[in-house]
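Please read the numbered points alongside the sequence and the model.

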Amino acid sequence: MAAEFLRLEERATISARHLARMARGERAAAGATPATRRAFQAMFGMPLDDLLRPWDPNLATAAPANDGSLVVPSPGTERGIITMAAERARRFTLLAAESTTPEAVDQLRDDVQRLALAYPQRPLTELLGDLAETQDTLFALLERRQTPQQARQLHFLASVTSGLLAKASHDLADPHAAMLQARTAILCADQADHNGLRAWLRGLQSMVAYWAGRYAEAVRYAEMGTEYAHQGGGTTSVWLPVSAARAYAALGNRERALTAIRTAEDAWDSVEPDAVDELGGICTFSQPRTIYYAADALAWLPAEADNAVAFSTRAVTAYADRSDPAWAFGDEAGSHADLAIARVVSRDIEGAEDALTSVLELAPEQRINGVVHSVQRVHQAVTRAGLADDASDLIERIEDFTHTPLKALPR
């Protein structure tokens, strides 16, 4: 509190005991100095008299305070109060004990799994705060002395959480921050000594490089993770080659792209889910994502127009069921964009617009970096095909869509 007062250039101090007495009503606000009153007003956005007034249920809100902290929600929203109390109890349980208990590690694993499951299906704006909080908690625990077993478990969870934040940074179109988080995640994976995790993180790096237009780098990251994937045996052994496939295709290397797609399809025969896959959600690579990635690769190759239509149609069908645990709004949008590109190549503008309609209706909160780039690829396909005049309405809708990506929203 003193630091806040100093920023206000006020000479106001108050002891913890005196503050507690004021909060309990044992000391009146009338005795506070003008400087103290101004400091409280600036810090909490309310006059000191209002702060010390008996609690009125009709005045409580769930809005953020001026400093970004959370104000107690309305008592009418019992679920909000229960959620806040549960979060406070959770953090106390995790950080108050002198040593990390097995129960605390289990709780953190549940937290990380919940985020991994929610990530592909919920807007990032709903998850980012929890992601940052979970990473902070894990790092705080790792700064303490831990048993070797607990340290490995915590490093594993910190690696996954940092990987999720790498994806979040990518979705916000910040590849530099994404790679920084990924490198931190790799450091934690090395401490956890988990090959499946190392492979998964190389897949993330390949994805970030691909959407940043660094296709040769995307291939390199995918190949760097291949040995780890073979040792781990998880679904990353499918993700890495099909990631390389679309980067090869973007580079115009049709032969290597097709070979990589076949390698990914064959890899399903030997997949044995590992600890990363067990988290589910974004941490496991699914059959629908395999089809979508293949469609994404084929959409780059004019000579594969028929296969591009076939794979993108299959991908759209695979993502049609939103109750499927494998459903992901970003991959669904990418599948529709690939189908639109394939139809543009066939000079079917009406079909392309039909394929892209659901994507162009996404709320700004879901216009993540990969989705925006996929939609821009449709725009590029139209102009390259010389169909800009025939598709003027589609082009206008695409440009309106890309003017409000997630990264542009106030946060």
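**Notes on the predicted model**

1. The lining of the largest cavity consists of Leu298, Ala299, Leu301, Pro302, Ala305, Ala308, Ile341, Ala342 and Val345. A cavity here is a set of points on a 1 Å grid, over the protein atoms alone, where a 1.4 Å probe fits but cannot get out, and lining residues have an atom within 4 Å of a point. The model is a predicted one, in which local features need pLDDT of at least 70 and side-chain atom pairs count only at pLDDT 80 or more, whereas totals for chains, interfaces and linings use all residues. Residues are numbered from 1 along each chain as its sequence is written, and side-chain values use heavy atoms, with hydrogens and water left out.

2. How many cavities of 30 Å³ or more does the structure hold? There is 1, and the volume of the largest cavity is about 40 Å³. A volume is the space filled by probe spheres set on the grid points, which are joined across faces, edges and corners.

3. Helix 17 (305-318) and helix 18 (329-345) each contribute at least two residues to this lining. Helices are DSSP runs (H or I, at least four residues), numbered from the N terminus. Helix 18 provides the largest share, 3 residues. The lining has 9 nonpolar residues, with no polar and no charged ones; Ala, Val, Leu, Ile, Met, Phe, Trp, Tyr, Cys and Pro count as nonpolar, Asp, Glu, Lys and Arg as charged, and the others, Gly among them, as polar.

4. Helix 7 (residues 128-142) has 15 residues and spans 21 Å from its first C-alpha to its last, close to the expected 21 Å. The expected span is 1.5 Å times one less than the number of residues. Which residues of helix 7 are buried? They are Leu131, Thr134, Gln135, Thr137, Leu138, Leu141 and Leu142. These residues lie on the same side of helix 7, because they cover an arc of only 160° around the axis. The arc is that of the directions from the helix axis to the C-beta atoms. Buried means under 20% relative accessible area, exposed over 50%, and partly exposed in between (1.4 Å probe, protein chains only).

5. Thr137, in helix 7, has a relative accessible area of 0% and is therefore buried.

6. Helix 10 (residues 195-211) has 17 residues and reaches 25 Å between its first and last C-alpha, close to the 24 Å expected. Of its 17 residues, 16 are buried. Gly213, which follows helix 10, has a positive phi near 80°.

7. Rings of Phe, Tyr and Trp (its six-membered ring) pair if their centres lie within 6.5 Å; planes under 30 degrees apart count as stacked, over 60 as edge-to-face and the rest as tilted. The count is 6 aromatic pairs. Tyr292 and Tyr293 form an edge-to-face pair, 5.5 Å centre to centre with 85° between the planes. Tyr292 is buried because its relative accessibility is 3%, and Tyr293 likewise at 2%. Ring pairs also join Tyr210, Trp211, Tyr215 and Trp300 into a cluster.

8. Ala173 has a positive phi near 65° although it is not glycine. Ala173 lies in the loop between helix 8 (148-171) and helix 9, and is partly exposed at 27% relative accessibility.

Conventions:
1 Å grid on protein atoms, 1.4 Å probe; cavity = no way out; pocket = protein on both sides within 12 Å on 5 of 7 lines; lining within 4 Å.
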